Amino acid sequence: MLHTISVLVENEFGVLSRVASLFSGRGFNIDSLTVAPTNEEGLSRMTIVTRGDEQILEQITKQLNKLVDVLKVIDFSDGSAIEREMILVKVTAEDENRAEVLRIVDIFRAKIIDVTPKSYTIEATGSPTKIDAILELLRPLGLKELVRTGAVAIGRGAKGWKG
């Protein structure tokens, strides 16, 4: 089962390395990891997507909470979050498939951000399942290059990190 974990950390040297080492040292895989500063000076937020059962998730959460620079850990696996990813994908756009690429882009409310005589570069944002779906439709048309951010997540409702 996939788990999305949000971790509030002090923006200090080596924090990312310590978190990644925690996972690798215990044999846990990270499916995606995003890190960026928050609205509060000196704090960053990590969004980690990993796999495992409830026991593994509990162990990961306990170990993360033991790290000095970790301030808070939230498990969003219960659906209590809004989750988004972004992709930039370069696809073949020959005469015979240009219209099909444009239809797919329109259906998924994506954007074409670069055009050449032989390719389109597309930007798409959405839930991980939406991103998987657009890629499934574009793949047969010829993916030339793909960059995927990994998930970011924020809790639903008015409540923030501090309650």
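1. Basis. This is a predicted model in which local features need pLDDT of at least 70 and side-chain atom pairs count only at pLDDT 80 or more, while totals for chains, interfaces and linings use all residues. Residues are numbered from 1 along each chain as its sequence is written, and side-chain values use heavy atoms, with hydrogens and water left out.

2. Overall make-up. The protein has four helices and nine strands, taken as DSSP runs (helices H or I, at least four residues; strands E, at least two) and numbered from the N terminus. From the N terminus on, their order is β-α-β-β-α-β-β-α-β-β-α-β-β. Along the principal axes, the C-alpha atoms fill a box of roughly 55 × 30 × 30 Å. Of the 163 residues, 37% count as buried, where buried means under 20% relative accessible area, exposed over 50% and partly exposed in between (1.4 Å probe, protein chains only).

3. Helices α3 and α4. Helix α3 (residues 98–107) and helix α4 (residues 128–142) pack at an angle of about 175°, with their axes 11 Å apart; axes are lines fitted to C-alpha atoms, for helices over the stretch in contact, and angles run from 0 to 180 degrees between N-to-C directions. The two helices are therefore roughly antiparallel (over 145 degrees; under 35 is roughly parallel, 65 to 115 roughly perpendicular and the rest oblique). E100, V101 and I104 of α3 meet I134, L137, L138 and L141 of α4, contact meaning heavy atoms within 4.5 Å.

4. The two sides of α3. The buried residues of α3 are R98, V101, I104 and V105. These residues lie on the same side of α3, because they cover an arc of only 125° around the axis, the arc being that of the directions from the helix axis to the C-beta atoms. They pack against β5, β6 (111–116), β7 (119–126) and α4, whereas D106 and I107, on the other side of α3, are exposed.

5. T92. This residue is found in strand β5 (residues 81–92) and is buried, with a relative accessible area of 18%. Leaving aside residues up to four places away in sequence, T92 touches N97, V101, K118, S119, L141, G142 and K144.
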